[in-house]
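Please consult the sequence and the structure shown below while reading.

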Amino acid sequence: MLGDKIGDTASQETGRRVLSAGDGHVTVEVSFRGTGDYFGTAVSGFGTYEAEARPDGTLYGEGQGIDMTADGDTVTWHGSGVGHMTKDGGTSFRGALFFATVSPALERLNGIAGVFEFDTDASGKSTGTFYEWK
């Protein structure tokens, strides 16, 4: 069941490279930077994910990143999800996120699972929304 909204993010791709290709699949690494919020606390950060294009046309991805508040507090995240290419050349992913922080302002993120919606357009601009999974 979905719980409280954790936050939103907006980001821009900063790099892309092919990690492997052949036998009906390709794995791409994508790096990005962006801004967003966790429970109303503004953050900026960056991350990297790997997306594997499967022979059936679906995508599987895993990523990690770090976000920082204006006060210098940090939260790290790890996630995985499934998705597909969109008609406009972007991607659409749905998945789960897990967080770690020592920040008093962000400590609510510790020990919860988040679920996300993450959509990217053909130019590498993306938006995402995160919810607590209860």
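## The pair D119 and R94

In this predicted model, a salt bridge joins the side chains of D119 and R94, with an N to O distance of 3.2 Å. The two residues belong to distant parts of the chain: D119 is in strand β7, R94 is in strand β6, and 25 residues separate them.

How exposed is each partner? D119 has a relative accessible area of 30%, and R94 has one of 37%. Buried means under 20% and exposed means over 50%, so D119, at 30%, is classed as partly exposed. R94 is likewise partly exposed, because its value of 37% falls in between these limits.

## The pair R108 and D4

A further salt bridge connects the side chains of R108 and D4, where the N to O distance is 2.4 Å. This pair also links distant parts of the chain, 104 residues apart: R108 is in the loop between β6 (91-101) and β7 (113-120), whereas D4 is in strand β1 (residues 2-22).

R108 is partly exposed, with a relative accessible area of 41%. D4 is partly exposed as well, at 37%. The pairing also forms part of a network of salt bridges that links D4, R108 and E132.

## The pair R17 and E29

The side chains of R17 and E29 form a salt bridge with an N to O distance of 2.8 Å. R17 is in strand β1 and E29 is in strand β2 (residues 25-38), and the two are 12 residues apart. With a relative accessible area of 48%, R17 counts as partly exposed.

How many salt bridges are there in total? The count comes to 6, and the pairs described above are among them: D119 with R94, R108 with D4, and R17 with E29.

T129 lies in strand β8, which covers residues 125-133. Is T129 buried or exposed? Its relative accessibility is 14%; because this value is under 20%, T129 counts as buried.

The side chain of T129 makes a polar contact of 3.0 Å with the side chain of D8. When residues up to four places away in sequence are not counted, T129 touches K5, G7, D8, V115, F116 and E117.

Methods. Residues numbered from 1 in each chain as written. Predicted model: local features only at pLDDT ≥ 70, side-chain atom pairs only at ≥ 80, totals over all residues. Heavy atoms only, no water. Helix = DSSP H or I, 4+ residues; strand = E, 2+ residues; numbered from the N terminus. Buried < 20%, exposed > 50% of the residue type's maximum accessible area, 1.4 Å probe, protein only. Polar contact = N/O pair within 3.5 Å; in protein donor to acceptor, adjacent residues only side chain to side chain. Contact = heavy atoms within 4.5 Å. Salt bridge = Lys/Arg side-chain N within 4 Å of Asp/Glu carboxyl O.
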